[in-house]
Number of protein chains: 2
Amino acid sequence: MKLATLKDGSRDGQLAVVARDLSCAHHATGIAGTLQRLLDDWNFLSPQLEDLYATLNEGKARHAFAFDPRQCMAPLPRAYQWVDGSAYLNHVELVRKARGAEMPASFHDDPLIYQGGSDDFLGPTDDAVFASADWGIDFESELAVVTGDVAIGTSPDRALEGVRLLMLVNDWSLRQLIPAELAKGFGFLQGKPATAFGPVAVTPDELGAAWQGGRVHLALESRWNGRRVGLTEAGPEMGFHFGQLIAHVAKTRRLRAGSIVGSGTVSNLDWSHGVSCIAELRAIETIQGGAPTTPYMQFGDTIRIEMTGRDGLSVFGAIDQRVAPPAA
Amino acid sequence: MKLATLKDGSRDGQLAVVARDLSCAHHATGIAGTLQRLLDDWNFLSPQLEDLYATLNEGKARHAFAFDPRQCMAPLPRAYQWVDGSAYLNHVELVRKARGAEMPASFHDDPLIYQGGSDDFLGPTDDAVFASADWGIDFESELAVVTGDVAIGTSPDRALEGVRLLMLVNDWSLRQLIPAELAKGFGFLQGKPATAFGPVAVTPDELGAAWQGGRVHLALESRWNGRRVGLTEAGPEMGFHFGQLIAHVAKTRRLRAGSIVGSGTVSNLDWSHGVSCIAELRAIETIQGGAPTTPYMQFGDTIRIEMTGRDGLSVFGAIDQRVAPPAA
């Protein structure tokens, strides 16, 4: 099942079911008004939406309309939790190597995850607005899952059963603000502005065999100003699967329905796959030539992130954003 | 105006207006079903609740009932954002001094704030359940504000106008998990389990002249197993007022209605005021005698946190929790 949240002037938007090929959609009105409402009562409501989804895919839904990603908010325009892992250890190692630091051995067993802000997410085609282009504006192409309720102390395998939906993420980062912020010792705040999400959230069965072992075995494409800079494999090098990331968070507290758990920047050891963020490109340049040569994003730059399924269809639709200064 | 959220089996509970003396309450049904709903449309809904509040305080509300804090959830049982500052620099300095570290000078100008989990809060009398008593279980007595919508780049003074409500907080901390977690560099996750909040949230006018310059000029009492361990002054030594904390978060992103911004552990230079967390007591013991002598909390321990107004009434009601092992 594919689900989107459409702009209707409200804070949480309006839930819609979207056809598998993203051609058309149907309001979920009468079943669940918002995605959070669905997640709050998943077992009762989702079968009804699955029926509507089947009807829509058969072309028999009576009030279907053309699906337009520009009308989308983030699937959850605001959420009760957003935690983002650094599951691709190559990313962690690369960024550290560029500044001459070692990655601690414990990082192979103990996932690195940060708590993000979740009160205000960007839709897939919303401008990313920043007051200064000197902040080191960078995209980060990622995946995330949305969970149901997860109990304290849940094992990684059981935690995987708590995965309700998958989403595409652009975890905007302000690289020049991050070093001083992290040096203070309490994690990110100003360095992580509003995160953007892809047009549709999908149930794991939409991925077919590509969803395996808590990982998505598909390639993630990032196009910066139209040029492909990355086609990174999201599956094999994800050092911790989503169940492990969820279980890490659940060690000392429950996760409640609608929690979003991210994978971190998708990254591969083989540099020929390109990158899912500019920081990594600059790290490679530093390792190779002693200094970075690619600047971060400027006002007017665009970033397009998309993942194609084994059926050749776009899984989530595309994140397609422009970096913009504040309105005058 | 004083507001509480009552348990009704739902995730968000039921909003009620509570009399100034906490003697009785009245459901807000017909005006706003939940506190988040009120915050989402504050300017339209709050005057209607203020009318109900006046009627209740006059003893003329027709369906008033006795107020029982044990029926309370957190005022916001789940929220879209919870960030917690360390505005009392004495706390930061003391904890560092105990481990032989200096506080950076920049901490006087640049607030230290962490992003917390907000999907699952504890009510004022809910048990705090932990799998192990070896995790260094500690309370932290604090205050917090709930904001309306705050624009990117808002100044500290303007940010203060975004304060809708104040709350009492117990920011549970697992001290033995924190050092290794912070050493990873991305902030807290397992070290900060579900946070608890006092029975009622209050509008700033409830504090009268005690609400001044974005600070609450009242004393905060902490009783551990019935014994008073702290009566700390929340006003004069708050190094950053709430407007400054909000503005810090708003530098690179908006805050949306219902964001909770905490003060950090209330702490005074004069040790005779006692402490608002055990870590500080242990820090003092370490500075004085070379090693801490007071252990952290054990299963069965209780913590009661309360603040009394200049009128002698409890401002928020009391947080009164017990530390418990998981149900067998």
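**Fold and strand pairing in the predicted model**

In chain A, 74% of the contacts (heavy atoms within 4.5 Å) with a separation of 6 or more are made by residues 24 or more positions apart. The model is predicted: local features need pLDDT of at least 70, side-chain atom pairs count only at pLDDT 80 or more, and totals for chains, interfaces and linings use all residues. Residues are numbered from 1 along each chain as its sequence is written, chains are lettered from A in the order in which they are written, and side-chain values use heavy atoms, without hydrogens and water.

Chain A contains seven helices and 20 strands. These are DSSP runs, numbered from the N terminus: helices are H or I of at least four residues, strands E of at least two. The C-alpha trace spans about 60 × 50 × 35 Å along its principal axes. A compact globule of 328 residues would have a radius of gyration near 20 Å, and the 19 Å of chain A agrees. That radius is taken over C-alpha atoms, and the globule rule is 2.2 Å times the number of residues to the power 0.38.

Of the 328 residues of chain A, 62% are buried, that is, under 20% relative accessible area (1.4 Å probe, protein chains only).

In chain B, five strands form an open sheet of mixed pairing, in the order 7-20-19-16-17. Strands 7 (128-129) and 17 (227-233) of chain B are its edges, each pairing on one side only. Pairing requires at least two DSSP bridges between two strands. Strand 16 (residues 219-224) and strand 17 of chain B are antiparallel over six bridges. Within strand 17 of chain B, Arg227(B) is the bridge partner of Trp224(B).

Notes:
Buried < 20%, exposed > 50% of the residue type's maximum accessible area, 1.4 Å probe, protein only.
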